[in-house]
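This report describes a structure for a reader who meets it here for the first time. Please look over the sequence and the model before reading on.

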Amino acid sequence: MPLSEAVASVGWRSAMMASAGVTLVLAACVWLWVRNDPSERGYASHAHPEALNNSGISPRHSLKLVVSERDTWLLFFAGGLLAAPVLTFAGLWGVPYLVQVYGLERSHAAVFTTTMLLGFAVGGPLLGALSDRIGRRKLRYLGATLVHAFAWVLFLLIDDLSVSALYLLFAVIGFSAGGLIIGFAFSREVNHPGAAGTVGGVVNMALKRCAADAGAVTLIQRFGSAANLNVHLHCLVLDGVYRRTEGEPIFDEARAPANDELKGLLNQIVARLMKMLTRTGPLVEEQGMT
C-alpha cells in the first residue's frame, strides 16, 4: 500500500507506527536468522579462497587497489546513473509531475511511483540471480541499462500515454534499474579478492553521490487584492541543488536558461495543459481546431 493511501485511510500517526512495527519485526528476523556467511550455518562459504588467505590486507592498501582499477569507476558511474533517476523521480517529483501533466489524483499518482519502486525491488534479486546462473555479467548489465534508457525515452517523449501503458512503463523502468545489483558482483570480480568489502563500499557510494537535494518553500494564499477568493501559490525555489562533500553541503548553481529554452518550455506547458483540459472535460475540442 502506498504511504499516501495509508495516511489517508488511518492517519499519519497510525501509518508511521505500523511502518515502524513492521521494520522492527524485520530487523529482529534478520538478527535471529541471517548470518555473515553460509559457513556459520554449516554450508559452503561464498568467500573467495584468496580473500581468506589475504585477510590481513590493510584498509589503506585495499582502497588503493580499488581506486586504481579503471573498471571500478566505470561501474561506479553506471550504478549511480541507473539508480539516480528512479530514486529522484519516485521519491521527489514524480507525484507532482503526474498530477500536473496527466491530471491524476495524488493517491493515484503515488501508486505509479510505488509501481516503479516495486519493480526496482524485484528486478535486483532476479537480474542478479540470472547473472549468477549464466555468468555473463557484462551482457546482462548492458542489456538492463539499454532497456532502462529506452523506457525513460518513451516516457519523456510520448505524450498522453494510457494508464495501462504508464503502469507497464514504470514497472519496466524500475525492474531494469535493478540491474545495478549486477555491478556489485561485477566490481568484485574485476578487483583483488581481498578488497571485496572495499569495492562494495566504493560502488555503493555512487547511489548517494549521484543524487542531489533541491529545496523549495511554498505559501498558499487564498485571496486576491480585492479580498476575493483566489487560491494561488507563492513559491521560493532554489536555482540549483545541494550536494554533500565530506559531510559539508555545497551549492551548485544552475545556469540561466536561454530564451529559446524558455520558449520551448512554455510551448510544451501550453500544449500539455490544453491536452489535459480537453481530456478531463473543461475544454471541448472542435473539428478543425487544435
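Is Ala256 buried or exposed? Ala256 is exposed, because its relative accessible area is 64%; buried means under 20% relative accessible area, exposed over 50%, and partly exposed in between, with a 1.4 Å probe and protein chains only.

## Basis of the model

This is a predicted model, in which local features need pLDDT of at least 70, side-chain atom pairs count only at pLDDT 80 or more, and totals for chains, interfaces and linings use all residues. Residues are numbered from 1 along each chain as its sequence is written, and side-chain values use heavy atoms, with hydrogens and water left out.

## The chain as a whole

The protein chain contains 11 helices and four strands. Helices (H or I, at least four residues) and strands (E, at least two) are DSSP runs, numbered from the N terminus. Of its 290 residues, 23% count as buried.

Among contacts with a separation of 6 or more in the protein chain, 61% are between residues 24 or more positions apart, where contact means heavy atoms within 4.5 Å.

## Helix α7 and its partners

Helix α7 (residues 137–157) packs with helix α8 (residues 163–177) at an angle of about 150°, and their axes are 8 Å apart. Therefore α7 is roughly antiparallel to α8. Axes are lines fitted to C-alpha atoms, for helices over the stretch in contact, and angles run from 0 to 180 degrees between N-to-C directions. Angles under 35 degrees count as roughly parallel, over 145 as roughly antiparallel, 65 to 115 as roughly perpendicular and the rest as oblique. The crossing of α7 past α8 is left-handed, a term for a near helix turned anticlockwise from the far one by less than a right angle, with right-handed used if clockwise. On the α7 side the contact residues are Ala144, Val147, His148, Ala151, Trp152, Leu154 and Phe155, and on the α8 side they are Leu166, Leu169, Phe170, Val172, Ile173, Ser176 and Ala177. By class, this contact of α7 with α8 has 12 nonpolar, two polar and no charged residues. In this scheme Ala, Val, Leu, Ile, Met, Phe, Trp, Tyr, Cys and Pro count as nonpolar, Asp, Glu, Lys and Arg as charged, and the others, Gly among them, as polar.

Helix α9 (residues 180–189) also packs with α7, at an angle of about 150° and with the axes 9 Å apart. Therefore α7 is roughly antiparallel to α9. The crossing of α7 past α9 is left-handed. Arg137, Lys138, Arg140 and Tyr141 of α7 meet Leu180, Ile182, Gly183, Ala185, Phe186 and Glu189 of α9. The contact of α7 with α9 comprises five nonpolar, one polar and four charged residues.

## Helix α5 and its surroundings

The axes of α5 and α11 come within 8 Å and cross at roughly 70°, so α5 is roughly perpendicular to α11. Tyr97, Val99, Gln100, Val101 and Tyr102 of α5 make the contact with Arg272, Met276 and Arg279 of α11. Five of the residues in the contact of α5 with α11 are nonpolar, one is polar and two are charged.

Thr72 lies in helix α5 (residues 70–102) and counts as buried because its relative accessibility is 0%. Residues up to four places away in sequence aside, Thr72 touches Val66, Asn191, Val199, Val202 and Val203. Glu69 is placed in the loop between α4 (59–67) and α5, and counts as partly exposed at 26% relative accessibility. Leaving aside neighbours within four places in sequence, Glu69 is in contact with Val190 and Asn191. Glu69 and Asn191 are 122 residues apart in sequence, with 7.1 Å from C-alpha to C-alpha.

## The loop that holds Ala256

Ala256 is found in the loop between β4 (248–253) and α11 (259–280). The C-alpha atoms of Ala256 and Asp239 are separated by 8.7 Å, and these residues are 17 apart along the chain.
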